[in-house]
Amino acid sequence: MTIKPGEIAIVGAAESTRIGAVPEMSQIMLHADAALNAMADAGLKPSDIDGVACVGPMMPQQIAHYLGITPKWVDGTGVGGCSFMLHVRHAAAAIHAGYAKTILITHGESGKSRINATPRPPEPQSLNGQFEAPFGPMGPPTLFPIPVLRYMKATGTTHEHLAQVAVVQREWAGKNPRAAFRDPITVADVLNSKMIAYPFRLLQCCLVTDGGGALILTSADRAKDFPQKPVYILGSGESVETTMVSQMQDFTSSRAFRVAGPTAIEMAGIKHSDVDHLMIYDAFAHLPLYGLEDLGFVKRGEAKDFIWEGNTRPGGKLPLNTNGGGLSYTHTGMYGMFALQESVRQVRGIAPAQVPDVKVSLCHGVGGMFSASGTIVMSNQRP
Amino acid sequence: MALEPGRPRPEPTPETKHFWEGTKNGKLLLQRCGDTGRAYFPPRPFSPYTGTRNVEVFEASGRATLHSYVIHHRPVPGFKPPYAIAVVELEEGPRMMTNIVDCAQTPEALVLDMPLEVAFTPMDDEITLALFRPAKEG
C-alpha cells in the first residue's frame, strides 16, 4: 500500500547545543549532543529508539553503539549535504513498512575544528581523481560554481543578481541570534569581498562551522502522544546525478533537482502556491536560483528577478532560507540537517525569524556539486 | 608548456588505460555507443546511453569550445593562482574538465564559447594531460 501524505511525523528535532566553533566536541559527540537534545524534545530515551540513520559507511553502528541504541533498521546513505532529506524519506518508508517504529536521524560535523572529522581524499584511481583532480580543484568552492558562468549567459543573470542572494539571506540572519553572521550587507559589500573562485567572492560562499542536528520520526498515529505538536511529512523525493560536476547533463539546471523536487510536490498533493515557507540548500549563491527554477516556483531565467524584487526576503510572498542559510547561519559541510531543522521550527511556529501562519514548508537539499538531491514537504496539519 | 610539480596525478584503471595511452601518444580518444552512434566520456567499456557493450574507441578532433569555468584565486600545490578550472565541450559532444593554456587567466580573455584546441601536456613519462588553448585562426 502506498504511503499517504501525513502518515509519518517528526516528533523530535534539535540542533547541537552550540554551533559555529565547537572545539570542545569531536564529530561523534556533535552527533550525540544533537541526538540527546532531540530525544529530550520528544520525551524519549535511547532505549525507545529502534531505527538509526546517519551519513556514511560504518557510521550507523558507531552512532547506535555510542548512544546505546539497539536498532532493527539502519540507513547509512551518504550522498552529501542532502543525505538527511533522503534519511527522512527512507525512514518514513521504513515506518510505513513496519521495519521500525521510532527512528533517529543524526548529523554531526566538526567542519571547522576538524576533530575526528571525515577525510575527503580524491582517490587518484577514481573517475574524479583521474578526470577532475588533475586540473586544480580544491574543494567545493572551486567545483560547485563551475556551471555558474554558463547559467549567467543562458539566463541573463548578473553578478549583482548573484550578490543579492547573499544580501537577502543576511537580512534573515539578522533576525536569528544563533546565526554566525548577522550584520546587514549590501550588493557592493558582496562584490567587494575577497575573490575566492571567480565569479564567486567570499560572501557568496558558505561558512565552515562545527555543529550537529537530529530528528526523530514515528507514525502519525503515535505522534499525537508526544509532547511536541507533530510535523507531518506530506511528501518526499530523491535523486542523484554525477559526482563529476563536469559531467552534469545541463549546466543551467540540475537533473537531480528536477527529479527530487517534483516527486515530493506530487506525492504531497500540493500546488506551489500552497508552500508558505521554503528552504533551498545554499552552499553557494547560485543554488537558490537553480532550486527556484528546477522545482517550478518560477520559470527558467526568472529566479534572478524573483529574488531581486524581494519575494524571498522578510515580508516577501515566498520566505526563503529564513535561518540565514549556509551563507550566514551555519554550514558544517553537510548543511541539509540545518535546513530541515529550520523547516520544522517554522512549521512548529517557533523559529527566531518566524514567518506568520506557516502551514506547509518545503525543504530542498543538494549533495555536493549537484551530485544528489532530496526534498521534503512538511506541514503542521495532517491531510 | 611544462607543468609545475605538485598537481594530483591520475592513476589509470583497466577501463581508462586506453585514454591515457592515447594522450601519451598525442591522441584524444573518446568512445562511441554502437546503438546510438553518440560519443561519450569518461571512458567505460559500455554505453551510458543504452548499456550495450558494443562500443568503439575513436580519435576526437581535439577541437572544443569553452563551456564554463571558475578562476581560482587561492594557492593549490602545482598551480599558480589565479588559474582557471575549465570545462570544455568537445566537437563530438562530450565535455571534460581541463585547464586553458597560452591564454590570460582573466574573465576578459576567457570568453564562453570561444574555440579551443587540445594541447597535450606531459606530467611525467606515463601521464599526459589533455589541456586546451585558444584555437589558431582558421
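Analyst: β5(B) and β6(B) make a hairpin with four residues between the two strands, and Gly93(B), in the turn, has a positive phi of about 120 degrees. Strands here are DSSP runs of E of at least two residues, helices are runs of H or I of at least four, and both are numbered from the N terminus. Keep in mind that this is a predicted model: local features need pLDDT of at least 70, side-chain atom pairs count only at pLDDT 80 or more, and totals for chains, interfaces and linings use all residues. Residues are numbered from 1 along each chain as its sequence is written, while chains are lettered from A and ligands numbered from 1 in the order in which they are written.

Strand β5 of chain B covers residues 83-90 and pairs with β6(B) in the antiparallel sense over four bridges; strands count as paired if DSSP finds at least two bridges between them. One facing pair is Val87(B) and Met97(B). In β6 (residues 95-98) of chain B, Arg95(B) and Met97(B) point one way and Met96(B) and Thr98(B) the other.

Asp102(B) has a positive phi of about 55 degrees although it is not a glycine. Most residues other than glycine have a negative phi, and most peptide bonds are trans. Asp102(B) counts as exposed because it has 10 other C-beta atoms within 10 Å.

For this stretch, UniProt has an unreviewed entry that lists residues 59-120 of chain B as "domain: ChsH2 C-terminal OB-fold". UniProt positions are given in the numbering used here, feature names are shortened, and annotations may be inferred rather than shown by experiment. In the model, that span is 0% helix and 47% strand, with its end C-alpha atoms 14 Å apart.

Tyr69(B) is in contact with Val87(B), with Ala84(B), Ile85(B), Ala86(B) and Leu110(B), and with Ile146(A) and Leu149(A), leaving aside neighbours within four places in sequence. Contact means that C-beta atoms, placed from the backbone, lie within 7 Å. Tyr69(B) is also among the residues with the most contacts inside the largest nonpolar core, alongside Val88(A) and Leu217(A). That core has 159 residues; a nonpolar core is a set of buried Ala, Val, Leu, Ile, Met, Phe, Trp, Tyr and Cys residues joined through C-beta atoms within 7 Å. In soluble globular proteins, nonpolar side chains tend to be buried together.

So what does the meeting of the two chains look like? The contact takes 28 residues from chain A and 30 residues from chain B. On chain A, the elements that give two or more residues are α4 (127-131), α6 (148-155) and β5 (195-198). By class, that side of chain A has 18 nonpolar, seven polar and three charged residues (Ala, Val, Leu, Ile, Met, Phe, Trp, Tyr, Cys and Pro count as nonpolar, Asp, Glu, Lys and Arg as charged, and the others, Gly among them, as polar). Strands cross the boundary too: two bridges join β5(A) to β4 (residues 63-72) of chain B, and the strands run antiparallel. Ala197(A) has His72(B) as its bridge partner in β4(B). A cis peptide bond links Tyr198(A) to Pro199(A), with omega near 15 degrees, and Pro199(A) sits in the loop between β5 and β6 (200-201) of chain A.

Chain B has a cis bond as well, between Phe41(B) and Pro42(B), with omega of about -5 degrees. Pro42(B) is in the loop between β2 and β3 of chain B. Those strands belong to an open sheet of three, ordered β2-β1-β3 (chain B) with antiparallel pairing. Its edge strands are β2 (39-40) and β3 (55-59), each pairing on one side only. Five bridges join β1 (residues 29-33) of chain B to β3(B), and Leu29(B) stands opposite Glu59(B).

Notes: Two residues are in contact if their C-beta atoms, placed from the backbone, lie within 7 Å. A residue is buried if 20 or more other C-beta atoms lie within 10 Å of its own, exposed if 12 or fewer, and partly exposed in between; C-beta atoms are placed from the backbone.
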